[in-house]
Amino acid sequence: MRNFLAVLLLGIPLMAQAGSLTVDGVKNTFALGSWGTLEKTAASQTLTPGTYVVRIKQGNFSFWGKGIRAEPFVLIWMHGGSSINKATGVSTSATWSALNGVDDTLTVQVVKTTTLYGLFIDSNNRDNSGQVTLSILKE
């Protein structure tokens, strides 16, 4: 009865546990190969100390060719200096993030000059299409 009243009076939807998934850092890691190759392939921007908000400004990307709708997403690799991802609060010299959709943002405090890399990962880039443009604003 209490759950019914919460939904009725407060508009709080009920959710049920659908399961859980444990991703192991060794068993479930896909090895990319050379970091140098990754950094040469990715688009990049040097960030000096300060706080930045990164988001997808425009564009879509499809990794499967015809028949699959393009989506606004991109992978972010930051490396070479020191930064703090505001979502995790962790200070590190290298970090991954992903932007999924135009409303998603990455807020990062750059402590020591670092490089932000934007990229896609795919086993066959010949059937890919589209591009995304990132907005990188310094607060």
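Lys-86 has its place in the loop between E3 and strand E4 (90–100), where helices (H or I, at least four residues) and strands (E, at least two) are DSSP runs numbered from the N terminus. The model is a predicted one, in which local features need pLDDT of at least 70 and side-chain atom pairs count only at pLDDT 80 or more, while totals for chains, interfaces and linings use all residues. Residues are numbered from 1 along each chain as its sequence is written, and side-chain values use heavy atoms, with hydrogens and water left out.

Because its relative accessibility is 45%, Lys-86 counts as partly exposed, a class that lies between buried (under 20% relative accessible area) and exposed (over 50%), with a 1.4 Å probe and protein chains only. Leaving aside neighbours within four places in sequence, Lys-86 is in contact with Thr-107, Val-108 and Gln-109, contact being heavy atoms within 4.5 Å. From Lys-86 to Leu-106 the separation is 20 residues in sequence and 7.8 Å in space, C-alpha to C-alpha.

Leu-106 leads on to the largest nonpolar core, which has 13 residues, and Leu-106 is one of those that touch the most other members, together with Leu-47, Val-74, Ile-76, Met-78, Leu-99 and Leu-116. Strand E2 (50–62), strand E3 (73–85) and strand E5 (105–112) each supply at least two residues of this core. Such a core is a set of buried Ala, Val, Leu, Ile, Met, Phe, Trp, Tyr and Cys residues joined through side-chain atoms within 4.5 Å.

Ser-135, in strand E7 (residues 129–138), is buried because its relative accessible area is 15%.
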